[in-house]
Structures are given as structure tokens and as C-alpha cells.
Amino acid sequence: MTDFKTLRLLDKFRWLFIKMGIDYDMMRKILHIKLTMDERKVPTLFNQNKKKDNQKYGYIKSLWIYMLFGLILIPLMGFGQNFLFQMSIAFAMIIFLIMTSLISDFSSVLLDVRDKSILSTKPISAKTINAAKFMHIFIYLSYLTLALTAIPLIVSLFTQGIVFFILTGLEILLMNLFIVAITAILYIAILRFFDGEKLKDMINYVQIALSLMLMIGYQVLIRSFEFVNLDMVVSFHWWNLFLIPMWFAAPYELILHGDTSLLTVIYTILAVIVPIISIWIYIKLIPTFERNLQKLLSTSKSKKEKNNRLKSFLLTIVCRTHEERAFYRFAALMMKQEREFKLKVYPSLGFSFIIPFIFMFTFSRGEEVDYASSMSYLNIYFSMMIIPSAVLMLGHSAKYKAAWIYKTLPLKDYTDLQKGSLKAFLIKLYTPLFLVLSIVFSYIYGIRIIPDLLAVLVTSWLYTIFCFVMMTNKLPFTKPYDEVNDAQGWKILLLLLPLGLLVGLHYIIASQITYGSTIYFIVLFFINILIWKLVFKSKK
Amino acid sequence: MEEILTITNLTKSYGNKEILKGIDLHAARGEIIGYIGPNGAGKSTTVKLILGLEGDFGGEIKLFGKSIGQDQIDYKRRIGYVPEIADVYDNLTGYEYLTFIGQLYGLELEEAADKSKSLMELFGVGEAYHSRISSYSKGMRQKLLIIASLIHNPDLLFLDEPINGLDANSVMIFKEILTQLAANGKTIFYSSHIMDVVEKISSRIILLYDGKIAADGTFAQLKADNTEGTLERIFNQLTGFHEHQEIGEKFVSVVRGGQL
């Protein structure tokens with residue numbers, strides 16, 4: 001175990017901690033262990049062929065994306081004098097990014113139940129343990145904040161002056177305190193009323209939303225520089241009182257513009273007082289928090305399984321054998337309930353929903369589109385971008401070791417398992433998405449496109465089986481997620497290429513042949529049945 | 001004999017649910033106490049209260065002659081604990097984890113390293129000392145936990161199903177370790193559902209049932225007070241459970257396709 005530079009820096013503040021009655025040496029030991037473990041978040045067991053420093057600074061390396069986001073802050077923080085508007089937007093972005101990353105990356109730190117049984121049984125005061133926990137989060141939050149704001153801050157030092165620079169630095173510190181306290185208080189509230197599983201679900205959804213937003217945000221950002229208009233004039237209204245980023249923007253008006261109107265002063269006071277109060281509340285609530293944390297260990301309330309006759313009937317049509325139905329249900333449950341799978345697949349699911357529209361608007365920019373005759377609805381093909389990665393992920397699971405049951409089951413081969421899980425993906429994840437897209441597209445382009453949509457749907461089935469055949473790991477839920485490596489990433493990119501061909505083929509058939517789409521749909525439908533039969537020919 | 005642990009009228013509730021309904025308990029130096037009871041009787045709650053993992057209890061807990069209360073941590077230096085479901089920072093190696101724990105108990109790094117290395121070797125898991133705990137087998141993990149609970153030479157030990165996952169030879173070593181520890185004046189609370197083991201190693205048995213102490217005494221005394229012969233039967237008798245045969249028969253009949 002190597003010593004950490006961060007900890008050596010922290011050593012300089014030893015006196016401060018000792019003054020607060022914290023056993024500094026003990027806290028340092030705990031932090032040391034925590035940081036060591038963080039370095040190993042990727043279990044080396046499966047990564048032994050990778051170079052060592054690749055994993056070592058994994059987190060630090062992941063920060064470049066935040067540095068990139070930080071660049072967006074430059075026009076807001078570095079130029080212009082319309083502080084109330086600019087800084088509100090800037091702080092809104094910073095708060096959003098830091099808070100979402102806190103929830104998705106540091107929830108495990110805040111909610112680590114191991115701490116209780118391992119650390120609390122040792123002769124260490126609760127104060128020291130909590131200080132270690134807080135400093136652990138604080139260290140990472142500092143990295144994150146620095147990555148995000150360092151460049152804009154330096155730019156602002158030259159363009160806006162030293163006062164602005166210092167003020168921003170102080171405010172960012174206050175804001176971080178506020179974010180940590182608010183997030184923790186949020187958890188305390190959730191844990192108070194719900195059980196641990198609910199909280200884990202909520203964190204999972206925040207993570208999904210964050211990844212989705214980063215994906216879309218990236219797409220929107222490159223297209224939206226013309227929207228940025230720094231001449232917006234914002235005036236105070238009483239309801240702005242609830243706009244937290246505005247509190248932090250007000251001190252600039254007060255100090256740099258000398259605006260001493262009542263609301264500016266109130267906001268400035270709020271910006272200082274509220275973070276301090278919230279952190280005080282948090283400290284007061286820590287014991288409650290620790291107690292409720294135990295809920296994370298408790299079993300959640302069991303739900304009664306509903307039995308829907310229509311559903312079971314439809315399922316007998318989709319899956320012919322008894323085993324296949326069982327595996328279908330199993331795969332559907334895994335996709336619905338395994339948080340890691342959701343985190344890996346659901347963001348791209350949302351992205352697949354957006355991407356046809358993004359393409360539609362990008363390609364048609366500046367032109368009038370006649371939706372009654374346009375064929376740009378073929379952009380719906382790009383919703384299939386989710387299929388290769390989803391089929392890949394289907395082979396993986398956090399609980400991959402549980403796959404030993406497959407081997408103990410009296411199965412001839414695994415075709416039922418494979419068929420069942422692919423069908424579960426198509427029916428439970430892809431088709432709902434496609435249906436919603438179809439409804440929206442039918443609304444835009446008219447019902448004339450329904451034969452085309454049907455053809456696209458059967459193409460997606462064909463494409464799914466094609467992707468499945470190309471995968472090396474064909475058994476669902478049998479590999480850990482760490483084994484998804486770069487080679488497979490390239491494979492997914494390659495698998496996306498045929499999509500373009502499919503669009504072209506469809507375009508030619510639909511535009512050259514009368515009733516082309518309908519014929520195409522019928523032909524594809526039967527090819528589908530044939531191919532699925534061929535691929536899953538039972539080895540009897 | 002010197003009294004290590006004295007519990008007087010201990011009560012504890014979660015909300016409206018009363019878990020402990022007044023427990024009185026004394027433990028002296030060198031005793032191995034078999035601490036048994038059905039699931040949910042309050043065994044682990046008692047241990048958690050003693051260790052300060054939970055608060056807000058009624059009555060008094062005295063350890064090493066002093067009453068434990070808020071913000072007292074020093075007594076924990078003299079306690080070792082093997083929990084039943086043990087959380088471990090398993091992305092650390094055995095060496096890293098054990099020295100960390102040792103240091104938390106106030107040992108120097110070198111001392112903790114030497115000690116844990118020797119103990120791992122003696123327990124036959126020396127070769128895994130520098131491997132990640134996540135790669136350990138169940139038995140190796142259990143041995144690590146046992147070592148972690150003993151590394152600071154505690155005077156009072158709480159063991160909850162400590163032999164879970166150990167092979168027969170390791171169990172023999174472990175039983176001998178317990179005997180030696182007791183001979184050296186350590187007090188051991190041994191909690192388990194395996195009655196044969198409890199019967200053999202305990203110098204005294206305390207049976208907890210429904211938040212109260214249902215029996216307290218040596219195995220011989222328990223046998224004298226109850227008509228049944230083995231601790232298992234005494235356990236059944238004291239917890240008022242007799243339907244095992246009936247339930248077992250029904251169970252098998254359902255397995256064979258019958259109706260309840």
C-alpha cells in the first residue's frame with residue numbers, strides 16, 4: 001500500500017482536526033484504507049492483463065469528462081457582466097453535475113453498512129468515524145469540483161479580476177457543503193419512510209438519468225451554440241427565492257456591481273446561511289441516519305405476484321415450450337430487477353428513443369420538410385442502435401456466479417435459455433420503445449407509414465438474432481460486467497454498420513416498388529421465422 | 001471469580017416490538033458460555049448492545065466492572081467479535097485488512113503484521129495472506145474473521161457461528177484454541193445453532209427464549225432440570241417445540257406431490 005499525496009496534504013491540517021476532538025491518526029488510517037479500496041473498484045481478478053496504472057488512477061482519469069464540461073462554463077464565468085443571469089446558469093450546471101455525480105458515485109460511501117460492523121466495534125469514537133466518512137467524500141468532491149471549475153476559474157481570474165475569483169472560490173466551497181448536506185438529508189428522509197431497496201432503486205434511477213442526460217446533453221450541446229445569448233436580462237421576482245443557483249449568483253451583483261436592493265441582499269444572506277444551516281442539520285441527524293442505515297440490511301417487504309391470464313396466454317404463443325417460457329420470465333425479471341443491467345442498458349434505451357429525432361432534425365435543418373411524402377421516418381431505424389449493446393449485456397450479470405444452476409439443470413442444450421432471453425429483451429424492452437416511437441412517427445408522417453413500421457419491427461428481430469450470432473458469449477447472465485472490454489466495444493461499433501445498409505435497402509424497395517414496404521414486411525417476416533429456427537436448431 | 005460482564009434487567013424495543021424483556025446475566029473470567037436460542041430470540045441484539053452497535057436500552061450493562069454508556073469506547077479494546085454475517089472490506093488483501101484492524105485496536109503496524117502473518121500460517125491459510133479477500137473460500141474468510149477478532153488479545157470474545165464453513169480439522173484446532181483461551185482467563189460467548197458443539201465446549205449454557213432467559217447453568221444442571229437427554233432435546237423442550245415430526249412428515253408428503 002502506497003501513501004497518498006492527498007493524505008500528506010491533509011496532514012498539514014492535522015491541528016484543525018485535533019482541535020475538533022477527532023483522533024487524526026485513526027481517521028488517517030481509515031481514509032488510507034478507503035482510498036486504497038477505491039483504487040481497486042475494478043476487481044483485478046478479471047483485469048490482470050491490463051496495465052497496472054490503468055486501474056490505479058481510474059477515478060482521476062474519469063475526471064476529464066468533467067473538465068470538458070467545465071469548458072462550457074468559460075463563456076458564462078469568464079466573460080460578460082450580466083452576473084445574475086450568467087452565474088445562475090453556471091451554478092445551476094455546477095450544482096446539477098456535482099449532485100448527480102455525488103449520488104451516483106458516492107452513494108456507496110455514504111451508505112456503506114460495512115463501516116458499522118467493522119469500525120464501530122473498534123475503540124474509535126463515532127465522531128472520528130463520521131469525520132473519516134465526511135473527509136472521504138470531501139476528498140473526491142474536491143477532485144471533481146477542481147476538474148469542473150479549475151479552467152473557467154483561471155480564465156475568470158484574468159478576465160474578471162481577483163475579487164471575482166476569490167468570491168467564486170468561496171461560493172463553490174459553500175455550495176459543495178450544501179450539496180453534501182442536502183443529499184445526505186435526502187437519503188435520511190428516504191430511509192426514514194422507505195426501506196433500503198427503495199433507496200437503492202432511487203439511486204439507480206438517478207444514475208440512469210444522469211448517464212442519459214450526459215449522452216443527450218453532449219448531442220444537444222454541439223448543436224446548440226447558437227442558442228447561447230448572453231444579453232438576457234433577468235430581474236428579481238419573489239418566486240426566484242426558490243431558485244437556489246440564483247442565491248449564489250446574487251453576491252456578484254452585490255459586491256461587483258454594488259447593487260444593494262433588498263432581494264440581492266436577501267439572496268446573498270441565503271447563499272451563506274443555508275449551506276451552514278444544512279450542514280448543521282446534517283451533523284445533528286447523523287445518529288438517526290446511522291440507525292436507519294441498518295434498514296439497508298433488512299429484507300424488503302415481499303410483493304405478491306400477480307397472475308395475468310391474457311399475458312400467460314400470449315406468452316404461450318411467443319414461447320412454445322415450457323422451459324422457454326420459464327427462461328423468458330427469468331430473463332424479463334433479471335432485466336427489470338438487476339440494477340447493474342439497468343444502469344448499463346436503460347440509458348441507451350432512452351438514447352435510442354431520442355436519436356431518431358436528433359437525426360431527423362439534423363438532416364432536415366434549414367429545409368422545409370413535407371411530412372406527407374418525406375421518407376425521413378426511416379430514421380426510426382436508428383432506434384436499433386441499442387440492440388447490439390443490449391444483446392452483449394444480456395450475456396453479463398453482476399451475479400454471474402449464480403449461473404452454476406444452468407449446469408445442474410436437466411437441460412439438453414441452452415437454446416431455450418437463449419431464445420427465451422432474446423425474446424424477453426425484444427418484448428419487454430425494445431418493442432415498447434418502438435411502439436411509442438411508431439405512434440409519434442405515425443402522428444407526424446401519417447398512417448401511410450404503418451407498413452414501413454411493420455417492416456422495421458421485423459427487421460429489428462432479424463437484427464437482434466444477427467447480433468446474437470456475432471457474440472462470442474452466448475449464454476445469458478454468465479459473465480461478469482468487467483469482462484466487457486474494448487474488443488467488444490469495437491465489435492458493437494462494427495455491428496452498427498449494417499444498420500445503414502438496412503436503411504438503404506428499405507429506401508430502395510419502398511421508393512421503387514409499389515406496395516414495396518408491405519411486400520418487404522411479409523418477406524422479412526417469413527425469413528425471420530426461418531432464421532430463428534435455423535439458429536436455434538435444437539441439437540437433438 | 002472476577003466478574004467480566006454483568007447485565008441487569010436489560011430491555012430493548014424497536015418501536016412497539018419488545019425484543020429483550022429484562023435479561024440478567026453474569027459472566028466470569030475463563031468461562032465459555034454457550035449462548036443459544038431460537039431465531040429472533042434476541043441473541044444478536046444483546047451482543048450488539050454490549051458492543052455499542054445499538055443504543056437506547058433499559059437496564060444496565062457492566063463490562064470489566066464499569067457501566068457502559070454514551071461515548072465510551074475504550075472498553076471495546078478488550079472485546080473481540082466474530083459476527084454471523086460478517087461484512088469485510090473484501091477488496092483488500094488479508095495482510096491489509098488484518099493490519100488495518102490491528103491498528104484500529106491500537107497495535108503498531110509491524111506488530112500487527114507479524115502477529116497476523118503467524119496466525120494465518122498457523123491456521124493453514126498463510127499462502128492467502130497477500131491475496132484479495134474476495135478470492136477467499138468460505139472457510140478462509142471465516143479464519144480471517146476469527147484472526148481479526150483475536151489480533152488485539154481481547155479479554156472478552158463474542159463468537160457467532162464461528163465455525164461456519166471450517167473443515168473438520170480446522171474445527172478441532174479452533175476448539176483447542178477456545179479451550180486455551182479460556183485457560184488463559186478469557187471469557188467467551190459462543191453463539192450457535194449447532195447444539196452438539198455448544199454442548200461439548202461450553203462450561204455454561206444460557207438459553208434465550210422470547211427476550212428472556214429460559215435456562216442458565218452447566219449442561220449437567222440443565223440435564224438435571226429437564227427430562228430430555230441431549231442439549232438439542234432440552235432446547236426443544238424449553239422453547240416448547242414438539243411438532244418437528246409432524247411438520248417433517250407433512251413436508252415430505254408435499255415434496256411427493258401431496259396436499260397440505
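Is B:Arg77 buried, partly exposed or exposed, and what is its relative accessibility? B:Arg77 counts as partly exposed, at 34% relative accessibility; here buried means under 20% relative accessible area, exposed over 50%, and partly exposed in between (1.4 Å probe, protein chains only). This is a predicted model, in which local features need pLDDT of at least 70 and side-chain atom pairs count only at pLDDT 80 or more, while totals for chains, interfaces and linings use all residues. Residues are numbered from 1 along each chain as its sequence is written, chains are lettered from A and ligands numbered from 1 in the order in which they are written, and side-chain values use heavy atoms, with hydrogens and water left out.

**Interface of chain A and chain B**

- The contact (heavy atoms within 4.5 Å) takes 25 residues from chain A and 22 residues from chain B.
- About 2500 Å² is buried between chain A and chain B, with 63% of that area given by carbon and sulfur atoms; buried area is the accessible area (1.4 Å probe) that two parts lose on being put together, summed over both.
- Three residue pairs, both residues at pLDDT 80 or more, are in polar contact between chain A and chain B. A polar contact is a pair of N or O atoms within 3.5 Å; within protein, one must be able to donate a hydrogen and the other to accept it, and residues adjacent in sequence count only if both atoms are side-chain atoms.
- On the side of chain A that touches chain B, α3 (24-39) and α8 (114-119) of chain A each supply at least two residues. Helices (H or I, at least four residues) and strands (E, at least two) are DSSP runs, numbered from the N terminus.
- With seven residues, α3(A) gives the most to that side of chain A.

**Aromatic pairs**

- Over all chains the structure holds 24 aromatic pairs. Rings of Phe, Tyr and Trp (its six-membered ring) pair if their centres lie within 6.5 Å; planes under 30 degrees apart count as stacked, over 60 as edge-to-face and the rest as tilted.
- A:Phe357 and A:Phe441 form a tilted pair, at 5.5 Å centre to centre and 55 degrees between the planes.
- Because A:Phe357 lies in helix α16 (residues 339-363) of chain A and A:Phe441 in helix α19 (residues 415-445) of chain A, the pair ties together parts 84 residues apart in sequence.
- Both A:Phe357 and A:Phe441 are buried.
- A:Phe359 and A:Phe382 form an edge-to-face pair, at 4.7 Å centre to centre and 75 degrees between the planes.
- One aromatic cluster is formed by A:Phe91, A:Phe164, A:Phe178, A:Trp247, A:Phe248 and A:Tyr252.

**Salt bridges**

- The structure holds 15 salt bridges over all chains.
- B:Arg77 meets B:Asp74 in a salt bridge (3.1 Å, N to O), and B:Asp74 counts as exposed, at 52% relative accessibility.
- B:Glu31 and B:Arg204 form a salt bridge (3.0 Å, N to O). This pair links distant parts of the chain, 173 residues apart: B:Glu31 is in the loop between β2 (17-28) and β3 (32-36) of chain B, and B:Arg204 is in strand β9 (residues 204-209) of chain B.
- B:Glu31 and B:Arg204 are both buried.
- A:Glu324, A:Lys419 and A:Lys423 are linked in a network of salt bridges.

Technical notes: Salt bridge = Lys/Arg side-chain N within 4 Å of Asp/Glu carboxyl O.
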